[in-house]
Amino acid sequence: MIHFTYHAPTKIVFGKNSELQCAQLLQEFDAHKVLIHYGGSSALRSGLLHRVCQCLQDAEIPYITLGGVQPNPRLSKVNEGIALVKEEAIDFILAVGGGSVIDSAKAIAYGCVNDGDLWDYFDKKKEITGALPVGCVATMAAAGSEMSNSCVITNENGWFKKGLSTEFGYCRFAIINPELTYTLPAYQTMSGCTDILMHTLERYFTKEDTLDLVDQIACTLMRDVIKHARILLKDPKDYQSRSEIFWASELSHNGITGDRSLGDWACHQLEHELSAVFDVAHGAGLAAVWGSWARYVIDQAPERFAQLAHFVFDIDELPDKKEMGLKGIKAMETFFQEIGMPTSIPQLGITLNDSQIDELAEKCCHFHKRTIGGIQKLDYTDIKAIYSLANQSEA
């Protein structure tokens, strides 16, 4: 059965110097007082924060700033932002940064409208009923949070990392200037490319009937990311490749490559527990577990894995679809290694002991209250097995 809902309401302004349009866009969306939310020193050092603030000053739009967002954004910073927004009577939040900053801004927007402990909403104990409007100046091609309805936050009390996707989670606008990604370290750029691939792979692996057109879009997007990631390894300031990667980031997570609700998403759940506890880069953590997950579930969808191998990596058709699919898995891991991404947990600089594997598995299955995945429903035992496979030093 083919059925889906497609909704991508975010206005995109794409191109060089597009950040200079932020005041105009804030006025278009009726912002009267703005919280500019950002991360660390890079926004200051690059001059981006100054340019954004100057635009608001020139347009006479009042604003205050709140920096300090970390990768794997923290609930404590979100709560600080909620208190500040309420105290200052702010009516619009402008995120200036990558996915972590955008996610933090979305969480603040939720917390300013919905009563009580914000974590209760991430914990699915309460339902979100609204949010303050959010816009962004995106500085990294990776999470695609600027066009998705999702945000992910880490709670330091127990080190839990959870996502929240609602109809109120879309940015009103997203400004995308690929030049802003020129100065990213190679590891961050490639971690971002991996995240983009994984957002598409999570949707691609579904037991639902799919449209050939959607599959072709997904496979072409993955080929494009692989091609341009290789170019950026050699020339980080190739504007064409930066643009290709940034737009792929948006398409990989705005629903055009498949309905989010019909995808697998087990790898994201596995990785969330890793990065919550060990604070690893999200894309790198995904690369570290993907191959182990793929080999664990391939018997449930050998044709799907074989199709991926053929259309993304040009692997010749074989009568044994599992054999063909395994070649595709290996090809993806070889690409990850080529761009400096790990293909096992020890390659992240972490070697898990038995108690740590057990802790991660317990958290991932919400202490035996849920399964994860779509291709195969994975319970605590399955999750623990995949972490154990990924914990082997050789991928």
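Helix α7 passes helix α13 in a left-handed crossing, a crossing being left-handed if the near helix is turned anticlockwise from the far one by less than a right angle, and right-handed if clockwise. The structure is a predicted model, in which local features need pLDDT of at least 70, side-chain atom pairs count only at pLDDT 80 or more, and totals for chains, interfaces and linings use all residues. Residues are numbered from 1 along each chain as its sequence is written, and side-chain values use heavy atoms, with hydrogens and water left out.

Helices (H or I, at least four residues) and strands (E, at least two) are DSSP runs numbered from the N terminus. Two packed helices are described by the angle between their axes and the distance between the axes. Axes are lines fitted to C-alpha atoms, for helices over the stretch in contact, with angles from 0 to 180 degrees between N-to-C directions. For α7 (residues 186-204) and α13 (residues 321-338), the axes come within 12 Å and cross at roughly 160°. The two helices are therefore roughly antiparallel to each other (angles over 145 degrees; under 35 counts as roughly parallel, 65 to 115 as roughly perpendicular and the rest as oblique). T194, L197 and L201 of α7 form the contact with M332, F335 and F336 of α13, contact meaning heavy atoms within 4.5 Å. These residues comprise five nonpolar, one polar and no charged; Ala, Val, Leu, Ile, Met, Phe, Trp, Tyr, Cys and Pro count as nonpolar, Asp, Glu, Lys and Arg as charged, and the others, Gly among them, as polar.

Helix α13 also packs with α11 (residues 282-297), the axes coming within 10 Å and crossing at roughly 175°. This makes α11 roughly antiparallel to α13. On the α11 side, A287, W290, G291, A294 and R295 meet L326, I329, K330, M332, E333 and F336 of α13. Seven nonpolar, one polar and three charged residues make up the contact of α11 with α13.

In helix α8 (residues 212-234) lies L232, which is buried at a relative accessible area of 4% (buried means under 20%, exposed over 50%, partly exposed in between, with a 1.4 Å probe and protein chains only). Beyond its neighbours within four places in sequence, L232 contacts T189, M190, D238, S241, R242 and I245.

Within helix α14 (residues 354-364), the residues I357, L360, A361, E362, K363 and C364 are buried. The buried residues of α14 pack against β7 (160-165), α10 (266-278) and α15 (380-390). Just after α14, H366 adopts a positive phi of about 50°.
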